[in-house]
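Subject: Structure for your files

Hello,

Here is the structure I said I would pass on. My notes on helix packing and the nonpolar cores follow below it.

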Amino acid sequence: MDINSICVCGAGTMGRGIALSAARAGYFTLLFDLSPAALDKADSEIKKQLQEAVARKKMTAEQSRSTLEHLHYTSDLQTCLADIFIEAIVENTAAKANLFNQLAELNHSECIFASNTSSLPITEIAAAVNHPGRVIGLHFFNPADRMPLVEIVVGKQTNQATVDATAALARAIGKTPVFCQDSPGFIVNRVARPYYIEALRMVEEGADPAQIDRIMEASGFRMGPFRLMDLIGHDINYAVSASVYEQLGRPERLKPSPLQQQKVETGQLGRKSGQGFYNYDAPPGKP
Ligand SMILES: NC(=O)c1ccc[n+]([C@@H]2O[C@H](COP(=O)([O-])OP(=O)(O)OC[C@H]3O[C@@H](n4cnc5c(N)ncnc54)[C@H](O)[C@@H]3O)[C@@H](O)[C@H]2O)c1
């Protein structure tokens with residue numbers, strides 16, 4: 001099946017980067033969010049990023065203009081018509097399945113439902129969708145417009161046409177797809193989990209987050225665990241930690257940290273809320 005139009009659902013941290021990748025590659029791209037404020041924020045962030053890319057000569061002014069021409073915004077579900085839906089909404093199986101079912105009512109019988117979930121089993125999302133054969137995992141990394149890797153997660157019922165079309169699309173928007181099993185945390189989030197959990201344990205024991213970050217970054221990691229968790233968003237990272245922990249049978253070594261829960265309960269979600277382990281309204285780098 002040929003994909004000509006893409007609808008990205010959820011205009012938050014991930015959705016806006018995915019939409020930017022798709023529009024930049026010349027696809028008609030619709031960015032849908034229930035929140036008009038999220039759409040406004042996505043629009044201004046994308047424009048800012050494009051301006052910076054042109055200023056740094058990473059892109060021509062013509063490419064930037066063409067990208068914006070391919071990008072459209074809506075907060076009305078009824079206008080969401082496309083060949084593939086890539087959802088990046090809340091990390092919750094029922095919410096994702098419910099969205100796909102609503103979209104299926106409005107769209108043609110071959111459209112694909114791709115989930116950007118970080119950790120929820122694709123087979124479980126698909127089981128709650130009326131067309132499970134057309135449900136697949138397409139897991140981008142943050143920032144989604146820059147990170148080349150995508151994990152393609154094939155559920156038990158995902159059909160081959162869906163796998164082929166999704167992999168072709170990933171390549172067409174400049175990504176490198178890797179196929180992985182529908183297993184807890186897929187590949188990257190499973191391997192990365194102890195990076196966050198152990199660092200959080202050290203802070204529970206009295207260590208300083210900024211110092212841990214400095215040391216990890218000096219030793220070659222691109223981002224220390226706390227800076228990275230702030231980028232991901234603590235609501236998302238906590239949901240992923242809890243989901244991987246549960247799916248693996250609650251191993252003590254992967255038990256989510258109370259500090260994660262605290263961050264979520266106090267609304268300190270990281271960059272997106274202005275405060276996480278660092279304060280983003282203060283001079284950069286100040287914890
Ligand atoms: N943050 C990351 O680093 C990261 C990386 C890879 C994958 N993911 C996954 O991507 C998804 C989104 O994460 P995020 O960090 O972008 O979240 P986010 O909180 O930044 O954005 C979510 C957006 O979805 C919107 N939304 C919620 N319910 C909706 C609905 N029913 N219909 C339309 N819009 C709706 C919200 O208004 C919000 O703007 C999650 O499944 C997460 O696990 C996140």
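**Helix contact and cores**

In this predicted model, Asn 189, Arg 193, Tyr 196 and Ile 197 of helix H7 meet Asn 237, Val 240, Ser 241 and Val 244 of helix H10. By residue type, that contact divides into four nonpolar, three polar and one charged.

As for geometry, H7 covers residues 188–204 and H10 covers residues 234–247; the two pack at an angle of about 110°, and their axes are 11 Å apart. The angle makes H7 roughly perpendicular to H10, since 65 to 115 degrees counts as such. The crossing of H7 past H10 is left-handed.

Now the cores. The largest nonpolar core has 36 residues, and Ile 6, Ile 86 and Phe 140 are those with the most contacts inside it. Several elements each supply at least two residues of this core: strands S1 (5–9), S4 (84–87), S5 (112–115), S6 (135–140) and S7 (149–153), along with helices H1 (13–24), H2 (36–55) and H6 (160–172). H1 gives the largest share, six residues.

Which residues is Phe 140 in contact with, leaving aside its neighbours within four places in sequence? They are Met 14, Ile 18, Ile 86, Asn 116, Leu 149, Val 150, Ile 173 and Lys 175.

There is also a second, separate core of 24 residues, which includes Phe 100, Ile 125, Val 129 and Phe 186. In soluble globular proteins, nonpolar side chains tend to be buried together.

Regards

Methods. Residues numbered from 1 in each chain as written. Predicted model: local features only at pLDDT ≥ 70, side-chain atom pairs only at ≥ 80, totals over all residues. Heavy atoms only, no water. Axes fitted to C-alpha atoms, helices over the stretch in contact; angles between N-to-C directions. Helix = DSSP H or I, 4+ residues; strand = E, 2+ residues; numbered from the N terminus. Parallel < 35°, antiparallel > 145°, perpendicular 65-115°, else oblique. Left-handed = near helix turned anticlockwise from the far one by under 90°. Contact = heavy atoms within 4.5 Å. Nonpolar A, V, L, I, M, F, W, Y, C, P; charged D, E, K, R; others polar. Core = buried A, V, L, I, M, F, W, Y, C linked by side-chain atoms within 4.5 Å. Buried < 20%, exposed > 50% of the residue type's maximum accessible area, 1.4 Å probe, protein only.
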